[in-house]
Amino acid sequence: MQVQRSPNLLSFVVSLSGCITSVLMSLVAQPVWAQSTKTAPITASTEASADSTQLITKKQVIKPIKKIQQLSQITHFISSAQQLVQSPTPVTAPTPELVEVTGVKANLTSKGVEVILQTSKGQELQITNRSAGNNFIGDIPNAQLRLLSGEAFTFRSQKPIQGVIEITVTNFDASTIRVTVTGEASLPAVELYDSPDEGLIFSVATAASSAQQPQTQPQPDNQTQPSQPSAQNDEPIELVVTGEQDGYGTTDASSATRTDTPIRDIPQSIQVIPRQVIEDRVVTNPDDTVRTVSGVIPSNPSYEAGLSSFSIRGFDSGSNILRNGVRDIDFGSISRNDLTNIERVEILKGPASVLYGQGSLGGAVNIVTKQPLRDPFYNLEFLAGSYDLYRGPVDFSGPLNDSRTVLYRLNAFYQDSNTFIDFSRNNRWLVNPVVSWQISPNTKLTIEGDVSKTVSQTSAGLPAVGTVLPNPNGKIPINRFIGEPGDFETASFARIGYDLQHQFSKNWSVRNVFRYAVLKRGGGGFTAGSSLDPDGRTLSRFYFDDPTPNTDDTVNGFIVATDLTGKFQTGSIKHTLLFGTEVYNTKRTNNEYIFGEVAPLDLFNPVYGSPRGAVDNRGNSTQSSGFVGVYLQDQIALVDNLKLVLGGRYDWANQDSKDLLADTKTSQSDEAFSPRVGIVYQPIEPISLYASYSRSFNPNSGTDANGNLFEPETGTQYEVGIKGDLSNKLSATLALFDLTRSNVLTSDPNNSNFSIQTGKQRSHGIELDISGEILPGWSIAAGYAYIDARISEDTDYAVGNRLINAPENSFGLFTSYKFQSGSLEGWGLGLGFFYVGEREGDLDNNFTLPSYFRTDASIFYKRDRLRAAVSIKNLFNVDYYESSSDILRVFPGEPLTVQGRISWQF
């Protein structure tokens with residue numbers, strides 16, 4: 001990609017989008033293969049037949065369903081190939097907009113129970129029903145269960161009344177809600193209402209047609225116990241349920257397009273780790289969550305506090321961290337995230353520059369935080385484990401006023417622990433309050449902040465000789481600490497911001513997000529190895545410290561992002577248009593340091609407490625960076641099963657650095673255009689075939705020997721794949737990709753003091769991900785990747801060398817089973833298998849990290865308000881090495897680790 005210097009390219013892309021749309025429209029308009037014959041749906045204004053469901057208002061007389069057809073009794077209008085050929089080509093009618101059902105409630109009545117699908121568009125819903133055995137099944141097309149936060153959910157109530165085993169409301173597919181009522185001994189009696197004030201209501205009668213005390217069962221997560229009604233009380237009594245999260249499977253990830261689009265309609269591999277997987281694995285570090293996702297490897301050791309960096313498709317993601325769909329404020333690789341306040345983690349594969357600006361080619365990670373709940377929810381938790389781990393999280397939520405228009409959520413935790421490395425200790429706390437205000441039916445304001453502090457000792461790793469390479473003295477113990485016991489770092493972090501969303505109409509909306517954050521770092525310095533003597537045991541060391549410990553190194557920054565989204569049609573073609581802007585800036589001050597030598601350390605007989613040597617070097621500087629970005633995207637539905645995504649973003653980026661000791665200043669400005677083109681074809685409803693092309697950019701700093709500024713590093717990706725729903729709760733994605741990273745800085749062969757931009761790296765491979773529920777109670781999250789990531793052009797390293805920390809083969813799987821009935825009901829078991837193949841330890845390919853196979857296990861119990869779990873990481877205590885930086889810094893993996901957790905919800 002060439003660096004662009006003119007914003008006219010943006011208008012060119014807009015014009016190109018229109019041209020392509022017009023051409024494709026003429027090619028695919030009214031294709032016979034895309035049509036389907038549909039019978040006219042029965043609505044509130046249409047006379048219902050005896051075997052269909054009639055919608056009536058709540059004040060009308062209820063007409064019960066007398067007969068529900070069996071599947072074999074349904075008449076098919078076209079029953080032979082000959083009839084199909086003789087039938088006229090149907091004309092495609094415009095597909096209605098999806099109706100969002102934002103909540104589900106169950107109210108006890110004198111006759112049984114009412115299940116209310118909460119929506120303001122209940123009159124637009126159309127229902128078809130049938131029976132299968134003792135099951136009443138109602139399908140509602142053009143509708144989806146979706147919380148106000150945009151998350152899909154599932155409703156489930158077990159044994160709510162006499163004669164009914166279970167009532168479930170789920171997203172059957174990307175455009176259909178299914179309601180299932182299972183009778184105990186016979187088909188249940190179901191009546192329907194259409195209430196303009198509440199939504200769509202399913203009324204289910206008890207076996208005896210009289211009110212009974214419900215048999216309460218374990219309720220969905222984040223819910224309260226129901227109140228118990230009296231036999232004389234006919235008024236609705238709220239039973240519990242605004243939603244159970246979708247287990248291991250997720251159908252939506254808005255960060256991929258910054259619009260409300262199902263994953264199956266996006267031409268990109270996207271994987272989501274929902275909260276249920278996090279809970280069942282009993283993990284607390286965001287880096288641990290990604291191990292079930294194909295092609296994603298943590299770049300930092302999992303026992304480091306607060307560090308989040310990943311290798312995605314062979315390339316380091318760096319600071320490509322998003323938060324609730326907006327770029328997180330970049331403080332290097334330090335992203336102060338903790339799973340206490342995280343609802344789910346989304347992995348976006350490939351370049352994200354088209355919507356989020358500068359960043360790594362491999363992909364981005366979006367952190368979705370917990371949001372306020374409408375119903376009171378309180379959770380107290382305690383976790384303890386190996387290496388003196390003690391952790392106490394709390395999670396409180398609920399309404400702040402009677403009308404429930406103002407909600408809050410408060411997550412907080414305190415943690416104190418050692419690690420398996422000598423002298424290493426992590427002390428952390430966090431407080432994260434969130435308040436949301438539904439100002440009007442169309443306007444919502446969310447204010448979120450968090451404050452945290454971490455005191456830790458950073459591990460500098462161990463030399464390759466003695467860990468992954470032979471050492472005449474034997475193997476270096478993995479718990480060896482090569483620094484000094486007095487080394488430590490403090491990091492105090494604070495963030496505040498708002499998220500304002502307004503719906504102008506059912507088709508047009510705007511979102512404005514602002515965040516400000518500040519990070520202060522200080523402490524007692526850092527000691528690491530500088531070289532290993534030929535004897536294989538004497539490690540020369542250096543120290544790095546702040547000469548003014550009372551003045552913290554401070555980084556602050558802000559981001560303002562505005563998205564305007566609109567839906568409209570041009571003829572029969574539907575568009576979802578996104579226009580947005582971002583303004584971003586960070587500044588670092590008091591970046592003062594000193595550098596010198598420390599006495600060597602005997603790796604096999606260490607003696608600590610050596611005094612530091614004289615200062616060899618010092619520095620003091622300030623840095624600032626920022627960008628302004630403008631982006632445009634059009635998601636075009638040419639026909640129902642053929643969708644096109646066109647997008648482009650233009651960025652103006654700048655970097656400034658001032659050396660306060662030398663009194664010099666350098667500045668650099670760059671411009672870049674990042675496009676994306678993608679197409680999705682759905683030959684049948686559960687299958688999506690897709691292909692895409694996208695580019696990325698990342699600014700470089702400095703000049704070559706002739707004083708020319710370096711152009712931004714660029715990246716290009718081609719990707720094709722298939723997404724399939726193996727069932728309504730189990731999905732898979734298969735992707736093939738080819739990525740090229742260009743303009744990589746490499747040494748100038750004519751002047752070693754300077755660099756040139758001739759470096760190029762390439763990664764290509766295949767990925768497979770599967771997630772969801774295989775059978776009732778049995779869930780899985782798994783991913784496999786084959787990646788060939790190598791240097792293709794360079795002056796420093798040999799062409800063909802493999803990239804660092806990029807295994808050719810990797811595999812991760814976690815599966816759990818939850819007993820559904822009997823004496824073991826409430827118990828569950830989980831097993832995790834993680835394989836990482838051999839990886840090169842540096843770009844010279846001087847040494848290789850061996851492959852490893854790690855097994856994790858967990859057992860958990862869930863009954864009413866009690867939750868308990870025990871997890872074992874590295875069950876068989878295998879020795880392995882997670883990652884490396886160079887030949888002196890290899891990071892061992894954790895040995896066998898046990899954690900236990902207990903929580904109480906009320």
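Keep in mind that the model we are looking at is predicted.

Let me pick out a few of those pairs. Please find Arg 409 on your screens. Its salt bridge is with Asp 395, and the closest N and O atoms are 2.8 Å apart. Arg 409 belongs to strand β24, residues 406-418, while Asp 395 belongs to strand β23, residues 389-399, so this pair ties together parts that lie 14 residues apart in sequence. Are these two partners buried or exposed? Arg 409 is buried, with a relative accessible area of 3%, and Asp 395 is buried as well, at 5%.

While we are here, have a look at the loop between β23 and β24, where you will find Arg 404. Arg 404 is not a glycine, yet its phi is positive, at about 60 degrees. Its relative accessible area is 26%, which makes Arg 404 partly exposed.

On to another pair. Arg 521 and Asp 553 meet through their side chains in a salt bridge, with 3.9 Å from N to O. Which parts of the chain does this pair tie together? Arg 521 lies in strand β28, residues 508-532, and Asp 553 in strand β30, residues 553-570, so the parts being tied are 32 residues apart in sequence. Salt bridges here are counted within 4 Å, so the 3.9 Å of this pair falls inside that cut-off. Arg 521 is buried at a relative accessible area of 18%, and Asp 553 counts as buried at 9%.

Asp 886 counts as partly exposed, at 25% relative accessibility.

Now for the rings. Searching the whole structure turns up 16 aromatic pairs. One of these is formed by Tyr 584 and Phe 627, and the pair is stacked, with 4.9 Å centre to centre and 15 degrees between the planes. Tyr 584 sits in strand β31, residues 573-602, and Phe 627 in strand β32, residues 612-639, so the pair links distant parts of the chain, 43 residues apart. Tyr 584 is buried at a relative accessible area of 5%, and Phe 627 counts as buried at 2%. There is also a cluster, in which ring pairs link Tyr 378, Phe 396 and Phe 906.

Rings and charges meet too. Where does the charged end of Arg 313 sit? The answer is over the ring of Phe 737, 4.3 Å from its centre. Likewise, Lys 723 lies over the face of Tyr 690, at 5.2 Å from the ring centre.

Let's move to the surface. A nonpolar patch there has about 660 Å² of accessible area together, and its members are Tyr 681, Leu 689, Val 720, Ile 722, Leu 734, Leu 736, Leu 768, Tyr 784 and Phe 811. Which strands each supply at least two residues of the patch? Those are β36 (713-727) and β37 (730-748). Leu 734, for example, has its place in strand β37, and Leu 734 is partly exposed, with a relative accessible area of 31%.

As a reminder, strands of a sheet pair through backbone hydrogen bonds. Here β15 and β16, residues 310-312, pair in the antiparallel sense over 3 bridges. If you zoom in, Pro 298 stands opposite Phe 310 in β16.

Note on methods. Residues are numbered from 1 along each chain as its sequence is written. This is a predicted model: local features need pLDDT of at least 70, side-chain atom pairs count only at pLDDT 80 or more; totals for chains, interfaces and linings use all residues. Side-chain values use heavy atoms; hydrogens and water are left out. Two strands pair if DSSP finds at least two bridges between them. Helices (H or I, at least four residues) and strands (E, at least two) are DSSP runs, numbered from the N terminus. Buried means under 20% relative accessible area, exposed over 50%, partly exposed in between (1.4 Å probe, protein chains only). Patches are made of residues with over 30% relative accessible area and no salt bridge: like charges are joined within 9 Å, nonpolar side chains (Val, Leu, Ile, Met, Phe, Trp, Tyr) within 5 Å. Accessible areas come from the Shrake-Rupley method with a 1.4 Å probe; for residues, only the protein chains shown count as cover. Rings of Phe, Tyr and Trp (its six-membered ring) pair if their centres lie within 6.5 Å; planes under 30 degrees apart count as stacked, over 60 as edge-to-face and the rest as tilted. A charge sits over a ring if NZ of Lys or CZ of Arg is within 6 Å of the ring centre and within 35 degrees of the ring normal.
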